[in-house]
Structure formats: C-alpha cells, structure tokens
Amino acid sequence: MTKKLVLFDIDGTLLSVGSINRRILCDALQEVYGTHGTADSCNFAGRMDSGIIYDALRPAGLSDGEIGQKFNSAKQTYCTLFRMHARETDITLMAGVRELLLQLSTHTDLLLGLLTGNFEESGRHKLSLPGLNHYFPFGAFADDGYHRNELPPVAVEKAYKLTGKTFTEEDIVIIGDTEHDITCARVLNARSIAVATGTYSLSQLQKHSPDVLLEDLSQAETVLREILKTSTT
Ligand SMILES: [Mg+2]
C-alpha cells in the first residue's frame, strides 16, 4: 500500500541544464512572436515555463491576448527545439540524485512524482537523457497551470487516478530548490524539503522556513528519514 507521495522539482533539484535551455526558449519566442522580450535575462528559478513566456513578452509590449493567441505554437516550438538540440552532455545531475532515486524506488510504500515548472514534453526529455524518467510515473507540469501554487492539487488528483488513493497533507512531501517549491508545499500543508543545489543558498532558503533544509540530496538515508516523517513528528 502506497503511503507517501514524494513530488520532485526538476531544475536545480534533480539536475541542471545549463544555458541551452534559455537559448532555446529565446529562439522559440523569437520565431513565433518576432521577439523574445526579456527571456534572455529574466529569472527562471522555481517559475513555470508557461508563466515565464507571459512575463518575458509583456515588457516587449505584447498584450496577454496576443501572447495567448500564439501560446500553444510557442510552447510546441520550444519543446520541439529542446528535444532536437538538448543532449545528455547538457545535463548535470545533482549530487546523489541517481543513488537516492534508486534507493527510494525500492520502497514500495513511496509513490514518486514530478512537480515542476517544465512543460511535460521538455521536462520528460531532460529526465530521459540521464535515464531517470522511469522513476516518475506521473507529474504536474507547466501544461497544468501558470503558477506553481496551482500544481499541488493537480499532482494529488493525478496520483489518485494512478493509485485510487487520496493523499492528504501528512502523506505528501515536496522537494525543490527555491522559495516557490516551499510556498507551493504550503498550499496543501505538505512537508517541504529544500535543497541548496540550485540558485538559492542555504541561508536564502532558510528565510522561507522549509520543514527540512539540506545542502544537497547526497545523504540518501537522511532524505529517506525526512520523507517518512509526518508533519507532526
Ligand atoms: Mg527548481
């Protein structure tokens, strides 16, 4: 019987992609809208690709209506270009990630999923390059909303469809590298594990009071112990 739902962020938490990601988003927006707006400089960390497209293009003078009209085309262009150009050598796995996922996958009482600002197609491609997709049977993605706080209920619903179990707050752990991952855990009153492997330092993350704060995911036993704790223990 699955007891815990463990939702992982991708960028900055499981892996990093490097500059190719931003370059491809700029190229896709340029191709579809004739401008990439501020996509070459705006902050991506912890944010949804869907929301980033709007935020990057508004300063270029495009209205939400104009952005929305071509949104699906921009998304598809970005995902297609990303699959065409991103290679395994563009991906750096964070410390301990492969070992941790291997260990968690042996615990039949854990269901792993994704809660990420990536579109499903590009996020799955990122994970497929180092061979990690099979650990995550489902996920909540940028296809499911524009703000990260919309994703936790989506993930719970998808987990229900997969298992028939309604996971409640004490059953859910969200692991991520930014304040936005910590904040979205609060949407469900779920437990948050923050890792300082992305752009946020330990002290920056500490200010947002995660339930658990780790330098990285290299201590699998520690991560597992924290996952298995409930909010009240
Ligand atoms: Mg992240």
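A nonpolar core is a set of buried Ala, Val, Leu, Ile, Met, Phe, Trp, Tyr and Cys residues joined through C-beta atoms within 7 Å. A residue is buried if 20 or more other C-beta atoms lie within 10 Å of its own, exposed if 12 or fewer, and partly exposed in between, with C-beta atoms placed from the backbone. The model is predicted: local features need pLDDT of at least 70, side-chain atom pairs count only at pLDDT 80 or more, and totals for chains, interfaces and linings use all residues. Residues are numbered from 1 along each chain as its sequence is written.

The largest nonpolar core has 65 residues, and L7, L29 and I174 have the most contacts inside it. Helix α1 (residues 20–33) gives the most to this core, six residues. Domain 1 (4–17 + 91–228) and domain 2 (20–85) both contribute residues, so the core lies between them; these bounds come from an automatic or database domain assignment.

Beyond four places in sequence, L29 touches several residues, among them T35, I53, L57 and A74. Contact here means C-beta atoms, placed from the backbone, within 7 Å. Of the 233 residues of the chain, 42% count as buried.

Most residues other than glycine have a negative phi. N189 is in the loop between α8 (179–187) and β7 (191–195), and S209 is in the loop between α9 (202–206) and β8 (212–214). Helices (H or I, at least four residues) and strands (E, at least two) are DSSP runs, numbered from the N terminus. N189 is exposed, with 12 other C-beta atoms within 10 Å, and S209 is exposed with 12 as well.

Key:
Two residues are in contact if their C-beta atoms, placed from the backbone, lie within 7 Å.
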